Amino acid sequence: MKWNLKEIQQMNNRMQDFQNNMLPKFEQNTAAFLNNLSAEKTLKDAMAYSVEIGGKRIRPLIIMAICSFYNRPIDNDVLAVAGSLELLHTYSLIHDDLPEMDNDDLRRGKATNHKVFGQAEAVLAGDGLLTLAFDWITRTGLNSKSKIDLIAALAEAAGPEGMVSGQVADIEGERKTLNLEQLKKVHERKTGALLKYACQAGGILSEAKDNELDLLVNFGASFGLAFQIYDDILDVVSTTKEMGKAVHKDEIENKNTYPGILGLDGAYQSLEQSIEEANKILVKLNADESILADFLEYFKGKDSK
Ligand code: GRG
């Protein structure tokens, strides 16, 4: 397979239409909610800065795609739940970029939060976004069960049983050489947990049946794994300009990665396997020809093996 970054990053037309349709509503709603926040000006500015400088919005798009698959209208409740996940994800990026963690100057093509607002403000902007994420779910017009299910699932995904532990394991892993199973476990929590939650949230909002919710969560897990492998591959094969963040850091910092353990070809093979797993789950959901299948195109060049 000859992987061409430009082609890999090209979405197909249906996905492009979906994004053109969904993202303006999402951005408008999220910005309006943030703007209405009654908080210290610097805090509000720092929070809005990192959310509004962009990002692919993959997690909210997954939520909206699952709702669309179930013909659940993309109303203000869906937009709030999708927005709340982007707030939480953005908090994790702000904290990850801090000097005490990954020490990055560039994120989403712009200066990182602490470079613009200072370290204390960046920590607090992250704290604000994390807390606000849960607040936005409580303020929806959803029924109590859906709200509690969403809050519980988000807390599990983002908290010490999910992303936070993944981040700790990742930092500690830098001092040792991990095997593939150990690396997979780190990433299931660090990157996979929020992507799994995105699928779960879409299912909860759409009142999917229990067996379908299970399949959606499994899809999220395979998608999350593919997402991380792809992120590792892009760190090797892409440029800072293309990515909007520093690249080649994994090798310089001796990080445990899929290309590091398996070689670049091996990493591509693993990526392919995860995509196939995810696609098999979509078949079980009768969703393999739906917009959800287009998310898998995100990882593929047009000249796939
Ligand atoms: C600080 C608790 C805590 C967790 C940080 C998100 C994270 C955990 C670390 C980021 C480091 C990293 C590069 C992870 C790999 C995959 C990943 C989560 C990439 C960033 O997500 P994208 O690609 O970013 O969706 P955008 O900017 O498009 O939203």
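How many nonpolar, polar and charged residues does the shell around the ligand have? By class, four are nonpolar, seven polar and seven charged, where Asp, Glu, Lys and Arg count as charged, Ala, Val, Leu, Ile, Met, Phe, Trp, Tyr, Cys and Pro as nonpolar, and the others, Gly among them, as polar. The model is predicted, with local features needing pLDDT of at least 70 and side-chain atom pairs counting only at pLDDT 80 or more, while totals for chains, interfaces and linings use all residues. Residues are numbered from 1 along each chain as its sequence is written, and side-chain values use heavy atoms, with hydrogens and water left out.

The ligand is surrounded by 18 residues, the closest being Lys56, Arg59, His89, Ser92 and Arg108; a residue counts as near if one of its heavy atoms lies within 4 Å. An N or O atom in the side chain of Lys56 is 2.6 Å from a ligand oxygen, and for Arg59 the distance is 2.7 Å. For His89, a polar side-chain atom lies 2.8 Å from an oxygen atom of the ligand. Of the 700 Å² of accessible area that the ligand has on its own, the protein covers 92% (Shrake-Rupley method, 1.4 Å probe). Two or more residues of the shell come from each of helix 5 (76-97), helix 9 (163-173), helix 10 (180-205) and helix 11 (210-237), helices being DSSP runs (H or I, at least four residues) numbered from the N terminus. Helix 5 gives the most, with six residues.

Terms used. A polar contact is a pair of N or O atoms within 3.5 Å; within protein, one must be able to donate a hydrogen and the other to accept it, and residues adjacent in sequence count only if both atoms are side-chain atoms.
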